[in-house]
Amino acid sequence: YCSGTLIKTYIIGLGQAPIGHKQQQGDNRTPEGDYRVIQKTIGPFEGGSAPYLGTRWMRLNYPNNLDAAAGLKKKLISKSEYDKIVAANKAGKEPLKTTKLGGGIGIHGWYGLWPGDDQQDLTWGCITMQNSEVEDLFERVGLSTRVVIYP
C-alpha cells in the first residue's frame with residue numbers, strides 16, 4: 001500500500017508452523033502484529049542460513065514492544081531484557097534476538113523455487129518470497145516502513 005492505495009500484492013511463505021503468533025524461539029511461527037523494517041541488505045549472504053535468504057533481506061523489529069510485554073508477563077524474559085527491547089524499538093534499532101522470544105525475523109528471498117502446491121511455508125519464522133518478488137518489494141520500501149502481519 002502507498003497512502004492507503006493498494007499498489008501490488010505478492011505471494012509469500014511463512015514459518016513452518018504458519019498458524020498462530022510467534023511465542024518463543026524455535027516455535028517456527030511467524031509473528032503477527034505491527035512491525036517496522038529496521039534493516040535492508042542485499043546479498044550474497046554468509047553463514048549457515050545464508051543459502052536460504054535469497055538475494056534480499058529486510059529485518060523487522062521483532063520482538064516489538066507488545067511481544068516484549070507478553071514475554072515479560074509469561075516470564076520468558078526479564079525486566080532488564082524487556083527494557084532493552086523497548087529502548088531498541090524506540091531508537092529504531094534491532095531489538096534483542098538472544099532471549100527466549102527469539103529474533104532475527106525478516107522478509108527475505110529464497111535459494112530456489114518453492115516446492116509448489118502452496119508448500120512455501122518453509123522458514124523458522126520469517127516471511128519468504130521468490131527472489132524476483134523480494135527484489136521488487138525491496139526497491140519499494142524504505143527503513144521504518146510499516147509491516148502489518150495478520151492471519
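Biologist: What is the strand order in the open sheet?
Modeller: The order is β4-β3-β2-β1-β5, five strands with mixed pairing. Strands here are DSSP E runs of at least two residues, helices are H or I runs of at least four, both numbered from the N terminus, and two strands pair if DSSP finds at least two bridges between them. This is a predicted model, where local features need pLDDT of at least 70, side-chain atom pairs count only at pLDDT 80 or more, and totals for chains, interfaces and linings use all residues. Residues are numbered from 1 along each chain as its sequence is written, and side-chain values use heavy atoms, leaving out hydrogens and water.

Biologist: Which strands are at the edges?
Modeller: β4 (127–128) and β5 (146–149), each pairing on one side only.

Biologist: And how many bridges join β1 and β5?
Modeller: Four, in the antiparallel sense, with β1 covering residues 33–42. Asp34 has Val148 of β5 as its bridge partner.

Biologist: Switching to helices: at what angle do α1 and α2 pack?
Modeller: About 175° for α1 (residues 65–73) and α2 (residues 79–91), with axes 9 Å apart. Axes are lines fitted to C-alpha atoms, for helices over the stretch in contact, and angles run from 0 to 180 degrees between N-to-C directions. The two helices are therefore roughly antiparallel, a label for angles over 145 degrees.

Biologist: What does Ala88 touch, beyond four places in sequence?
Modeller: Lys93, Glu94 and Pro95, where contact means heavy atoms within 4.5 Å.

Notes:
Angles under 35 degrees count as roughly parallel, over 145 as roughly antiparallel, 65 to 115 as roughly perpendicular and the rest as oblique.
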